[in-house]
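Dear colleague,

I am handing over the structure we spoke about, with the sequence alongside. Please look through it first, and then read the notes below it.

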Amino acid sequence: MSDRHPTTQRGRIRIVGFDDAVADQQAGDRENDDDDDTIATGPIDSSTTPGETTTETESEPDRPRRRLEDAWRRFRRNRTAMAGLGVIVVMAVLAVFARPIEVSTAEVTITLQPFSLAPYDPSAMFVGPANAPPSRAHPFGTDWAGRDQLSRVLVGGRYTLGIGLVAVALALCVGVPLGAIAGYFGGWIDEAIMRLVDVLYAFPFLVLAIAIVPILEPIPVLGGGFWTVVLALAVTGWIGYARLLRGEVLSVREREYVTAARALGVPDRTVIRRHVVPNAVAPVVVQATLNVGTVVLTAAALGFLGLGLEPGSAEWGAMLSQGRSSLVQGRWHITVFPGLAIFLFVLAINLVGDGINDALDPHRDVSDERRRLR
Amino acid sequence: MTLGRYVWTRLLVTAPVLFGVTALTFSFVHLLPGDAVDAIIGFQDVSPAVEASIRAEYHLDQPVWKQYVLWLGDAATLEFGESPITGRDVSATIGRRLPATLALGGAAWLLALAVGIPAGIVAAVREGEPADELGRIAALAGIATPNFWLGLILLFVFSVRLGWFRVIPPDAPLASLAMAKFMLLPTITLGTASAALITRLLRSSMRRELDAAYVRTARAKGLSERTVILKHVLRNALLPVVTVAGLQLAFLVDGAVVVEQIFSWPGMGRLLVRSILRRDYTVIQAAVLVIGVAIVIANLLVDIVYAILDPRIRY
Amino acid sequence: MVGNSVGPGERGRLRRRSLLKGAGAAGIAGLAGCIRPNSVTADGPAEELIQEGFEAADVEPPFETTIAITEDEERNKFAQLLRSELNETGFFDISITSQDFGSHVDMMFAAAEQNENAMFVSSWTGGWDPSNYVDMLFHSDDHTPNGSNIGHYSDETVDEYIDAGLTETNYEDRVEIYRNLQEELVGDSPASFVRFSEATHVWDGDIVSGWETYPLRPGTYYAIYAPWAGVYTELEEGSEFVGDLGSDVTNYDPIAINGTVSSQATALLYEQLVGVDFDGEIQPMLATDWERIDDEQTDGMRYRFSLREGVRFHNGERLTAAHVKESLERYEGTPRANDVYDWYETSEVVDDETIEISCSREYGPFESALFNVSIVPMAVIDGEHDLESEPIGTGPYRFVEHESDDHWRMERFDDHWFEGSEAVPERAPIETVTLEIITEKSSRQGALEAGNIHFSYGVPSASVADFESDAAYGVGRHVGGGFDMVIYPTYRAPFSERSVRRGCNMLLPRERILENVYRGIGQLAYTPISPLLEGYASESFQEAIANEYVRPN
């Protein structure tokens, strides 16, 4: 059950409760089918009077960390999810090491990463015959300007991963706080934020992005199209997280440990930060992971419509767009490789998202374990 | 609360949302860079008198809030004015294009349900078997493929190379067999992602239900597996699908923008993209508004249907 | 803290995320080719010119600027090749800005005012008169936003030549003027001319028998039936011709039309006093005869036109001189007013079949200007009928329907005035003309290959060669009346220096662009006037100019 560690430090009150993961482990061990009425209380670290910092005792930090470790362990057992994660790691590594990364100022050029996996400079033209099909020299063939497709696909990963992760991260930074505030405080704040979300929800993702890109274009700070696309996607993406998180917060805030913390006079923002959000955030994490895929696809669609990155960039969606007439001309190799790359990436990210979902949802997991034990 | 009161509450809440949608639509258009008058004249050299008259005609000389109110008033009576670029009545234009997108979107939606629901059921029931794995992979593949790429490939392989379908829409009324045949490829392109989503959702939803106590009870009662699944589990499992199916509408409009371009389908998606690119202000406002209102209404209907199906939600 | 405590997997992901953010941004910077040695040497005459200009303008290399284009596949590639070439010299650090059409036009027209640091890639469609290619672009009166002189270029000599060219009516003198003008323009290089466009028409040989390629895009479909030009087309089977249009038709009224597609669609519906045929010769159309009748009182020019008898409009009206006068004067106060009022002063209806038109000045391009004024029925002039709902003219075809974004349909007008000749039958062989509106370029090719359309003028350049070698298809190519160019922002340094512009002009990879972007479709351009107007811009003249100003000696 609960661990108790006596302490001689003054003024600290510790509230302990049942840990979901611990309870389930025990439930699983006992092959107890009826886990539906496990008291769902969240783990609380040392809930302190305002101003005091957390101090460590041996087993306390174990509890929250253990929950995540359990989740990680569950995730690890999921073969398809690990496969997805593997693909993404490989893509990320390839993207980073594809070409040297250099940062230059007026005087100095700093090389952050000197390796170059890509055989050619992706923007170097006419390194091979134009529109050549795959060959030994150019395994992915060449495009209209004689650029090596393999290099371009490798480097293109940077844009794709960059856009996907940055756009989702930005959207999370906006959506999570807003959703938490809406759900926690309720009342008119909740109404106001949710009405805003509803209004934005009425506009399809892509339509909003199409409308936003021309608006953002003239702003000089946003160079190269990368940030324009990212911002457009972030602005349209945060609403989903806000709504989802709010829903979860609505149920979490009724739990005992929250009530207890508030009774102790813990300031609202600390309660939100330490107790509410971490316990509500699971579905949002899953959704965010899955959304990286959606964002990438939407960025590709924007590129297809011509509203994307700077021309000539090796971004996969832009490559597909530039090569689209080559399809009807029978030159399949120009679109197949970037298309497959997008496909693989989104597939992998979905597998990972599913894996996270399975790993973080204890109820589901019990039945999985039961099934495996059968 | 009763269903009636719930509906009434939802309606009340929807009103400010609609209002917000109109405000947002209007501000979008006015945030677009460039002078509206230039877009209208097409950069010809015109005398100041002509320019002034154009400005007055489109109320561009009024303060912004007044333009908004004027526009809102007109929009309420479905009077969207004329396009500054073509001079043609906007309501008529939208009126002709909307059915085309509705037909395509509707067909894709039906396809998604027709394919997704059975697939989800099968995957859930045959959990762990090859059918499940196959279904999972197919669903993931459906989500991961960029829809414009899929469309281009389908078009190229089946229409251009094999010649089974036309490349451009036939000259036939919307509700004809020839048109339905042509619509097959764009519908598949548009509906695949939705079908995949519904499959996954239903599968996980049903899996969850299948673990519940009442299923054991039903089985213990001796009901056939089929009855258990179709009559009891499905009904409960469909709830999240209902929610998602309604939200798919926005998703489908997204897809339609791209699919209409590839298949030369004369719908709202193409109209919207083109009018944004050409700064066709009245059309942009009207089109975005129509789409926005349609989605808000669809969400409202989904909420109501959900409340009918699940009384617990009527807080 | 609990909330932020991350497991090993997530931590890795976070690290990856921030690394990629940095990698992405830096990678883009790296890819943009912004890493260059600071000392730049000029190796070659072009670079020397640029260096000279940089020094005069007090600009340090590399100079950062951007190439602004619209979102078009070919334009995109064009810009990439140009950037690559200019960046390699080390004098420039160029990025590319791609925008939608609306934003691009906005940007160009506000460029000088905003002191925009960008070069603009644009194309210009001229016409049958040399003035079409230079007037709006380079005259100092036509600085944006009043005209199309985007760089706000102004040069007295150029202005003089342009004005002289407009008021000169003698052909040989005009040739002289325009040649001098072109040389002046190339020497100054306010814009670099890259390529003359080519009309490429592809048709299904099994259905369409024989087709003449009209050089100017608005006249694409004249080949169907243009008795005044001595051209017509027959079908091997069926009575319906299915062509295509690259975008939706926006306007039906001549005074509102400002896009080539709308002109193409209505070309068979409207007629004018005279026409310019496939060889560039002026031919009578609604006017049968005309002569200049200046007298001592005439300031500018005065012409008398004899009109054709028995011409009917699609709505039954009979053509009279009053129609002509009213059709001319309705341009007043409209966006296209300058089409007419640039030269028109007044006209006098002598009788039903005769009209005298006065020009406010000597005007060289008079006859080809008349080709732009479509004659419309009285019902329109009286305000009874709105051309925007249904276009009505005297042409051999009449309007049937326009399904927005879908198709445009016309059918043969049986009351057309033409009575047959040796070359052309009295009745147009093709009964129905349907133009399918297809915006997706590869779909146009796909539709042609699948047999859904019989003809396309917009097949991707890269595919034209494939069609040429396919015996089932006919391909017509003709140098067109337009060119692609790069406009320099002459309003700001270093492009305010002529030597910089000249240097860039020399560096422009014209051959590469023609070969790799347009697959050989088109011709290299060094001067603004299209070789379509042979007298003014013959090949030998182009060569001479190229040798002197562009090719390094």
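A word on conventions comes first. This is a predicted model, in which local features need pLDDT of at least 70 and side-chain atom pairs count only at pLDDT 80 or more, while totals for chains, interfaces and linings use all residues. Residues are numbered from 1 along each chain as its sequence is written, chains are lettered from A and ligands numbered from 1 in the order in which they are written, and side-chain values use heavy atoms, with hydrogens and water left out.

Chain B has 12 helices and 0 strands, where helices (H or I, at least four residues) and strands (E, at least two) are DSSP runs numbered from the N terminus. The C-alpha trace of chain B spans about 85 × 60 × 30 Å along its principal axes.

Chain B against chain A

Taking contact as heavy atoms within 4.5 Å, 48 residues of chain B touch 47 residues of chain A. Between them, chain B and chain A bury about 4,100 Å², and 75% of this lies on carbon and sulfur atoms; buried area here is the accessible area (1.4 Å probe) that two parts lose on being put together, summed over both. Of the area that chain B buries against chain A, 15% comes from B:Phe28, B:Phe148 and B:Trp149, more than from any other three residues.

The count of salt bridges between chain B and chain A is 2, a salt bridge being a side-chain nitrogen of Lys or Arg within 4 Å of a carboxyl oxygen of Asp or Glu. B:Arg200 forms a salt bridge with A:Asp354, and the closest N and O atoms of that pair are 2.8 Å apart. Several helices of chain B each supply at least two residues to the side that touches chain A, among them α1 (3-31), α8 (177-210) and α10 (225-262). By class, that side of chain B has 33 nonpolar, 6 polar and 9 charged residues, where Ala, Val, Leu, Ile, Met, Phe, Trp, Tyr, Cys and Pro count as nonpolar, Asp, Glu, Lys and Arg as charged, and the others, Gly among them, as polar.

Chain C against chain B

At this interface, 38 residues of chain C meet 33 residues of chain B. The area buried between chain C and chain B is about 3,100 Å², with carbon and sulfur atoms giving 45% of it. C:Pro335, C:Asp405 and C:Asn452 supply 18% of the area that chain C buries against chain B, more than any other three residues.

The rule finds 4 salt bridges across the interface of chain C and chain B. B:Asp171 forms a salt bridge with C:Arg409, the closest N and O atoms being 2.5 Å apart. The elements giving two or more residues to the side of chain C that touches chain B are α4 (101-114), β16, β17, β18 and α13 of chain C, and α4(C) gives the most, with 6 residues. The residues on that side of chain C divide into 11 nonpolar, 15 polar and 12 charged.

B:Arg161 also forms a salt bridge with C:Glu449, where the closest N and O atoms are 3.9 Å apart. This pair crosses between chains, from helix α7 of chain B to helix α13 (residues 441-450) of chain C. Over all chains, a search of the whole structure finds 34 salt bridges.

Two sheets of chain C

In chain C, 4 strands form an open sheet in the order β9-β18-β17-β16, with mixed pairing; two strands pair if DSSP finds at least two bridges between them. The edge strands are β9 (240-245) and β16 (397-403) of chain C, each of which pairs on one side only. Strands β17 (residues 407-412) and β18 (residues 432-437) of chain C pair in the antiparallel sense over 5 bridges, and the bridge partner of C:Glu411 in β18(C) is C:Thr432.

Another open sheet of 4 strands in chain C has the order β12-β13-β15-β14, and its pairing is antiparallel. Its edge strands are β12 (287-292) and β14 (344-351) of chain C, each pairing on one side only. β12(C) pairs with strand β13 (residues 301-307) of chain C in the antiparallel sense over 5 bridges, and C:Glu291 stands opposite C:Arg304 in β13(C).

With best regards
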